[in-house]
Amino acid sequence: MALAEKKDIKKVVLAYSGGLDTSAIIPWLKENYDGCEVVAFCADVGQGEEELVGIKEKAIASGASECYVVDLKEEYVKDYIYPIIKTGAVYEGQYLLGTSMARPVIAKAHIEIALKVGADAVCHGCTGKGNDQVRFEACFAALAPQLTVIAPWREWDMVSREDLLDYLAERNIPCAASLTKIYSRDANAWHISHEGGELEDPWCEPSKEVWTMTVDPMDAPNEAGKVMLSFDKGELVAVDGEPMSAYQSLMYLNEKAAAHGVGRIDIVENRLVGMKSRGCYETPGGTVLMAAYKGLESLILDKESLKYRESVGHEFSHVIYDGRWFTPLAKAQLASAASFAEKVTGDVVVKLYKGMAQVTQRRSPNSLYSEAFATFGADDVYDQKHAEGFIRLFSLSSRITALKQADSVITAKK
């Protein structure tokens, strides 16, 4: 950014976590943007009370003029997680998108604070290597393109934790971070991610110290647990017969599933910026919720509808991973999934055992399953002789192709 442009920045809203990076960003902004005012913004998306304790005081001590902590937990689960579940989106077959799906709700609140306080710019602490810089900035562009975006990791010359700690120490700014931190973690109501440390070597098995949310499946109870989820038009409305809010339901499922070691994955994924990264994710309640939804869906959607919904899920996994929530494409895909979800009403029982979440029971008033048709016993509704004509028509193109090839062989021999 040109020096003249930097002088135009009078007030910046920083996405603040209280960690090392954002603690250093506050004084850096004031020093490098002509003494601009820095307002801290912290999004509560269910990352845990321990991460929010004293965060306002930390921000002020680092040089922020004020700090807004916005409770987004219910909005996050109801308006972002639930719609994504309806799409069935799973990135590269395994990742339940826990970090990705939290970014739009955070970005939206970030912009709302920026507009409220009359800021000229917004700032984030994402590195130049990751996906989050793209996700946040794509959302900023869609919601408030007039605001300048500042990304310190793409501007400053600090390259390590040591550099950041030295920077803060020189300015007598307190920070609880130290050089002993091994893993990079990101938590919210849906999951927690782990990167760094031994995980940077894909041949290295994760140690027990990596996992923080779930019981080791080897140490999980020897007796299976069960949980019943009740849906109405694609929305989870009760768990084990108890009506709960969206956020409360997820917290309940997290606790039950984590106790059985459910929701751990260890993957190498393709980042948006082109490199591969290895991460471990824990999504206990989300794993159960996704399994239950798909289990109920299997009763209700016909073959072609389910095939199309699965294609929407595959495409939407890339849309949300890439940070394109506030786009016409995302809106259309979400609307498509929501239309299928209108009939997803019923109950599902999921068995939890040693890291597994298995659907064992499902029922719905909209079920297309008919025991009368599916039975292996005697029935009065299905004439098996009708299958012969169906098969002949279904395989007609193959039959014509084979006959054509046989004619060609005979002609060639002549």
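In this predicted model, five strands form an open sheet in the order β3-β2-β1-β4-β5 with parallel pairing, where strands are DSSP runs of E of at least two residues, and helices runs of H or I of at least four, numbered from the N terminus, and two strands pair if DSSP finds at least two bridges between them. The edge strands, each pairing on one side only, are β3 (66-71) and β5 (148-150). Neighbouring strands are turned against each other by 25 degrees on average, with direction ignored. Strand β4 (residues 121-123) pairs with β5 in the parallel sense over three bridges, and Cys123 stands opposite Ile150 in β5. Residues are numbered from 1 along each chain as its sequence is written.

Helix α5 lies across β1 (11-15), β2 (37-44), β3 and β4, and runs at about 160 degrees to β1; axes are lines fitted to C-alpha atoms, for helices over the stretch in contact, and angles run from 0 to 180 degrees between N-to-C directions.

Helix α5 (residues 98-117) also packs with helix α6 (residues 132-143) at an angle of about 40 degrees, the axes being 9 Å apart. The two helices are therefore oblique to each other, a class left after angles under 35 degrees (roughly parallel), over 145 (roughly antiparallel) and 65 to 115 (roughly perpendicular). The contact (heavy atoms within 4.5 Å) includes Ile106 and Ile111 of α5 and Phe136 and Phe140 of α6. Local features need pLDDT of at least 70, side-chain atom pairs count only at pLDDT 80 or more, and totals for chains, interfaces and linings use all residues, while side-chain values use heavy atoms, leaving out hydrogens and water.
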